Amino acid sequence: MKLGFIGTGKIASSVITGICNSDLKFKKIIISPRNRLIAKNLKKKFKKVIIAKNNQEILDKTNWVFLSITPKVGEKIIKNLRFKTHQTVVSFISSINLSRLKKMIQVKSTIVRAIPLPPISLKKGPVPICPPNKKVKAFFDKIGSTIEIKDEKLSINFWSISGMMASYYEILRVMASWLSKRGVKKKEARKYISSLFLALSEDAVVNSKKDLKFLVKESQTPKGLNQQGLKEMSKKRTFKSITETLNIIHKRLYK
Ligand SMILES: NC(=O)c1ccc[n+]([C@@H]2O[C@H](COP(=O)([O-])OP(=O)(O)OC[C@H]3O[C@@H](n4cnc5c(N)ncnc54)[C@H](OP(=O)(O)O)[C@@H]3O)[C@@H](O)[C@H]2O)c1
């Protein structure tokens, strides 16, 4: 199997790193010359990575192609590329839907949309795909855990959640910065916060059969610090604003 990536940015390099550190069987990964620095670094790091001269060369030489460009670039370049009928095209593009992709790709290739996120470089994290596809599922199961979604409308909800990643890290950053301003060394503050929230997330995963409201309840001592924290943040509309933010992102995606 020869894999190709059109667009070599953050998500492409995360997926490629995950692939190269997995036991997936493949001959080569052919990547775009853009971004030049990222492409060069990937080639240096992994011996099966080759940099193509241009995007068309990637399509001509591979049977699986990952579209890892921004929507704006996608709208500009996809329609001018020649895809092959028996090619599997996996699109990471957030806001180009399946029917638009089909129109742009023109030939009858297999098209699947997928939402990997950067921890895929560590072979971790869920990967929603739409529509369901056995081979694509088996592929992402080697570097994460695939969730097959039948209805594209439903998959938009998962795209909306993917837009909360930076905000999650910002919450961690604010807390680490707060700690370091109070005298904890920056490095120690970062380590404390990231490992604390990793442990809390692991606990949530282990208990994911239960409703999350049980964890919310169980983590509060009556009249304790967590009860106060939750009350204060609710008063400040923090949680309502999360729902509102998701609705706004969803609106942008669901046109
Ligand atoms: N980042 C994520 O966590 C994530 C997760 C899921 C899905 N996505 C989606 O994946 C796509 C890429 O996101 P990203 O975060 O990886 O963006 P990114 O880091 O900006 O990567 C986009 C890449 O496309 C390259 N590019 C620009 N014009 C090109 C062209 N004509 N031909 C080939 N490559 C070209 C850019 O190169 P230059 O730097 O040289 O311009 C850049 O390396 C987006 O649609 C995004 O919604 C991202």
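Reader: Which residues have the most contacts inside the largest nonpolar core?

Author: In this predicted model, the largest nonpolar core has 42 residues, and those with the most contacts inside it are Ile16, Ile29, Ile31, Phe66, Leu67 and Ala114. Helix α1 (residues 10-20) gives the most to this core, with five residues.

Reader: What makes this set a nonpolar core?

Author: The term requires buried residues of the nonpolar kinds, joined through C-beta atoms within 7 Å. In soluble globular proteins, nonpolar side chains tend to be buried together. Across the whole protein, buried residues make up 25% of the 255 residues.

Reader: With which residues is Ala114 in contact, leaving aside its neighbours within four places in sequence?

Author: They are Val90, Phe92, Val127, Ile129 and Phe140. Each of these pairs is called a contact because the C-beta atoms lie within 7 Å.

Reader: Why are β3 and β8 said to stand at the edges of the sheet?

Author: The order of the eight strands is β3-β2-β1-β4-β5-β6-β7-β8, in an open sheet with mixed pairing. β3 (49-51) and β8 (145-148) each have a single partner strand, so one side of each is left without a neighbour in the sheet. From one strand to the next, the twist averages 25 degrees.

Reader: What makes β6 and β7 a pair?

Author: At least two bridges are needed for two strands to pair. Strand β6 (residues 110-114) and strand β7 (residues 126-130) have two bridges, in the antiparallel sense, and therefore qualify. In this pairing, Arg113 stands opposite Cys130 in β7.

Reader: Which peptide bond that involves Cys130 is cis?

Author: The cis bond joins Cys130 and Pro131, with omega about 0 degrees. Pro131 has its place in the loop between β7 and α6 (134-141). Another cis peptide bond runs from Arg34 to Asn35, where omega is near -5 degrees, and Asn35 lies in the loop between β2 and α2.

Reader: How do you know that the length of helix α8 agrees with its number of residues?

Author: At 1.5 Å a residue, the 17 residues of α8 (residues 165-181) should span 24 Å, and the end C-alpha atoms are 24 Å apart, which agrees.

Reader: Why is α8 described as lying largely in the open?

Author: A residue counts as buried if 20 or more other C-beta atoms lie within 10 Å of its own. Of the 17 residues of α8, the number that is buried is one, so the helix lies largely in the open. The number is zero for the 11 residues of α11 (residues 225-235), so that helix also lies largely in the open.

Reader: What makes Lys223 exposed?

Author: Lys223 has 7 other C-beta atoms within 10 Å, and is exposed because the limit is 12 or fewer. Its phi is also positive, about 65 degrees, although Lys223 is not a glycine. Most residues other than glycine have a negative phi.

Conventions: Residues numbered from 1 in each chain as written. Predicted model: local features only at pLDDT ≥ 70, side-chain atom pairs only at ≥ 80, totals over all residues. Helix = DSSP H or I, 4+ residues; strand = E, 2+ residues; numbered from the N terminus. Axes fitted to C-alpha atoms, helices over the stretch in contact; angles between N-to-C directions. Contact = placed C-beta atoms within 7 Å. Expected span 1.5 Å × (residues − 1).
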